[in-house]
Amino acid sequence: MQTIAIAVVAVVLIGTTGCATSNHPEPEQVQVLRDDLFPSHHLFSVETPDEIFALNADAKDFVRRTQVSQHDTHQNMRALLNQIFDYSELGLLYQGSANSIASETFDNRAANCLSLSVMTYAMARAAGLMPQFYQVNIPEYWTRRDGYNLLNGHINLRVQPMPNSQQLSLLTPYIDVDFDPQAVRSRFDRVPISKDRVVAMFYNNKGADALIANSYSRAYAYFRAAAKADATLGQVWVNLGVLYRKQDAYGAAENSYQRALSLNDENLTAWENLALLYRLTDRKEQAHTIQARITAKREANPFYHFILGEEALDNESPEAALVHYRAAMRLDRTQHEVMFGMGRAYYELGDITKAEHFLSRAANLASSDQDKQRYQRKISALQSSN
């Protein structure tokens with residue numbers, strides 16, 4: 001299985017396999033950050049934290065229009081957040097691959113949950129409110145993009161009025177904001193995180209985009225900035241390891257994976273990439289031991305089987321894909337992505353009736369209007385072709 005680590009929303013940890021060779025260099029002692037491997041990284045500008053959270057004039061006007069002097073703070077807070085979510089007013093669309101600063105998110109009206117949360121945080125601050133980011137502790141959850149497995153994370157935020165020393169209140173009103181209602185329904189635990197951590201996540205996601213696009217110096221510039229912003233974000237070190245491995249800097253890659261594991265020994269993505277590195281450097285027994293432990297831990301995770309099904313479809317093996325999707329369904333029948341995968345596999349096998357059945361199930365389970373409409377269009381296309 002090939003995996004890329006992503007920070008909130010989508011970080012990329014590439015697991016591209018290659019042919020092992022007995023002439024590999026011995027892992028050298030190196031610093032984890034390796035500017036010397038990417039001498040042109042400084043040519044790529046990285047957004048500053050101020051730029052990430054800055055609002056343009058139109059966005060500031062949007063905030064001002066939601067704040068009415070005759071209303072109390074809680075009414076104005078609710079008005080702002082309602083307007084952000086109101087499609088007729090702003091038309092925000094969830095787009096998993098859109099990593100944008102706050103002003104771009106407002107103008108483009110499409111972003112992932114991290115960028116939407118950044119924009120909402122900035123708007124809440126502009127309205128004189130007190131937002132707080134949270135990282136949601138969701139199970140390992142993968143999606144596919146351009147042939148890569150992306151390990152997704154998730155954040156949301158709580159917005160409340162600024163404390164007022166002139167008032168005594170036993171109950172402070174607040175509103176929780178989450179751009180993924182499915183995560184809210186699942187009620188996963190969450191922990192507060194700093195603004196610096198969110199900046200690091202933003203850089204990590206941008207680095208992942210560059211890595212997928214084979215722009216390695218740009219990717220390094222972003223991963224380096226992420227590590228500087230928050231050196232405790234494990235996904236950054238995993239992704240740096242992937243980047244180093246693609247440059248055949250095996251010692252640097254191993255150091256980077258080990259840095260991630262020193263932060264969290266249960267980082268399965270770091271272990272998986274370390275196992276891949278061991279296979280590339282003829283340490284097959286160690287790789288096998290690690291991979292067996294990872295697989296045992298993942299067997300109960302429906303998204304582990306789901307991503308194996310996705311890979312099987314990519315490899316034009318719909319029968320194998322069905323085996324993996326069914327395993328995912330046995331563990332969780334509520335995931336629309338799995339039903340969509342089943343529909344695609346049956347379509348590839350020529351069973352249009354079952355393909356339509358599972359596409360309908362996917363549409364019924366989808367939480368967003370975008371996904372529902374996407375599945376319905378595919379159902380209509382199937383029906384019109386019969």
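Let us start with Glu 254, which forms a salt bridge with Arg 283; the closest N and O atoms of the two are 3.2 Å apart. This pair links distant parts of the chain, since Glu 254 belongs to helix α10 (residues 250–263), while Arg 283 is in the loop between α11 (268–280) and α12 (284–298), 29 residues apart. Glu 254 has a relative accessible area of 14%, and because buried means under 20%, Glu 254 counts as buried. Please bear in mind that this is a predicted model.

How many salt bridges does the structure hold? There are 13. Another of them joins Glu 47 and Lys 206, with the closest N and O atoms 3.7 Å apart. Glu 47 is buried at 16% relative accessibility, and Lys 206 is buried at 17%.

Helix α7 also contains Arg 197, whose partner Asp 230 is in the loop between α8 and α9 (234–246), 33 residues apart. Finally for the charged groups, a network of salt bridges links Arg 158, Asp 176 and Arg 190.

I now turn to the aromatic rings. A search of the whole structure finds 14 aromatic pairs. In one of them, the ring centres of Tyr 203 and Tyr 222 are 6.3 Å apart and the planes are at 45°, so the pair is tilted. Tyr 203 is in helix α7 (residues 195–212) and Tyr 222 in helix α8 (residues 216–229), so parts 19 residues apart in sequence are tied together. Are these two tyrosines buried or exposed? Tyr 203 is buried at 5% relative accessibility, and Tyr 222 is buried at 4%.

A further tilted pair is formed by Phe 306 and Tyr 325, at 6.2 Å centre to centre and 40° between the planes. Here Phe 306 lies in helix α13 (residues 302–314) and Tyr 325 in helix α14 (residues 318–331), 19 residues apart. Phe 306 is buried at 5%, and Tyr 325 is buried at 0%.

Charge and ring also meet. The charged end of Arg 259 sits over the ring of Trp 237, 4.8 Å from its centre. Likewise, the charged end of Arg 293 sits over the ring of Trp 271, 4.7 Å from its centre.

Technical notes
Residues numbered from 1 in each chain as written. Predicted model: local features only at pLDDT ≥ 70, side-chain atom pairs only at ≥ 80, totals over all residues. Heavy atoms only, no water. Phe/Tyr/Trp six-rings, centres within 6.5 Å; stacked < 30°, edge-to-face > 60°. Helix = DSSP H or I, 4+ residues; strand = E, 2+ residues; numbered from the N terminus. Buried < 20%, exposed > 50% of the residue type's maximum accessible area, 1.4 Å probe, protein only. Lys NZ or Arg CZ within 6 Å of the ring centre and 35° of its normal. Salt bridge = Lys/Arg side-chain N within 4 Å of Asp/Glu carboxyl O.
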